[in-house]
Amino acid sequence: FFSTVCAMGLLKVDVVSGSGIADIDRGFAGKSDPYVVVVVEGQTQKTRTISESLNPVWEESFEFTVNNPETESINFLCWDGESHRTDSIIACATVSLNSLKQGEEQRMDLKLLRPGPEGCGSGTLTVNLTAVDFSGLMAEVKRLGEIEGRLNEEVNQLKEIEGNLKEEVGQ
């Protein structure tokens, strides 16, 4: 039971800017109109779309709850916004959360990779990541695990006492 209970941590994500974003609108209608979708453990946030820019500046901040920073990662999906057709993915990047330190903002220049077998570079995404409150997560999980262990020991002792009482009553 307690192994499924977990305290939440808070992650701050600043999507700062992009540079050298692929121009996937070339030949259609000018330059790409990029926006970024940020995904953490099923939670999704989206920047605004910057029209016709291969070097967009967003400077937008988002907050996410995090269950386990040791195993979770954050995904950045750079899309090309379209007004007359379906938006197209430009590129993506993924970062593991296990290297973040409590309270320290970490600036990262992430290489964006095009999806598909070619996986070619498609510019850079600059982000700031801050583990606002990860301190209690692992300590809380450990504490709950210890409580669960003690409760299991008590249950086993009670089962043993129950068995002894049944034997005494039956004799």
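**A serine and its surroundings**

Guide: Ser-122 is in contact (heavy atoms within 4.5 Å) with Gly-20, Ile-21, Ala-22, Ile-90, Ala-91, Leu-112 and Arg-114, leaving aside neighbours within four places in sequence. Ser-122 counts as buried because its relative accessibility is 3%; buried means under 20% relative accessible area, exposed over 50%, partly exposed in between (1.4 Å probe, protein chains only). Ser-122 lies in strand β8. Helices (H or I, at least four residues) and strands (E, at least two) are DSSP runs, numbered from the N terminus.

The model is predicted: local features need pLDDT of at least 70, side-chain atom pairs pLDDT 80 or more, while totals for chains, interfaces and linings use all residues. Residues are numbered from 1 along each chain as its sequence is written, and side-chain values use heavy atoms, without hydrogens and water.

Now the core. The largest nonpolar core has 30 residues. Such a core is a set of buried Ala, Val, Leu, Ile, Met, Phe, Trp, Tyr and Cys residues joined through side-chain atoms within 4.5 Å. Leu-11, Val-13, Val-15, Val-38, Ile-74, Phe-76 and Leu-129 touch the most other members. Elements giving two or more residues to this core include β1 (9-19), β2 (34-40) and β8 (121-133). Val-13 touches Val-38, Ile-74, Phe-76 and Leu-129, among others, not counting residues up to four places away in sequence.

Next, β2. Four bridges join β2 to the antiparallel β3 (residues 43-46); strands pair if DSSP finds at least two bridges. Val-40 has Gln-43 as its bridge partner in β3. The two strands form a hairpin with two residues between them, and Glu-41 in the turn has a positive phi of about 50°.
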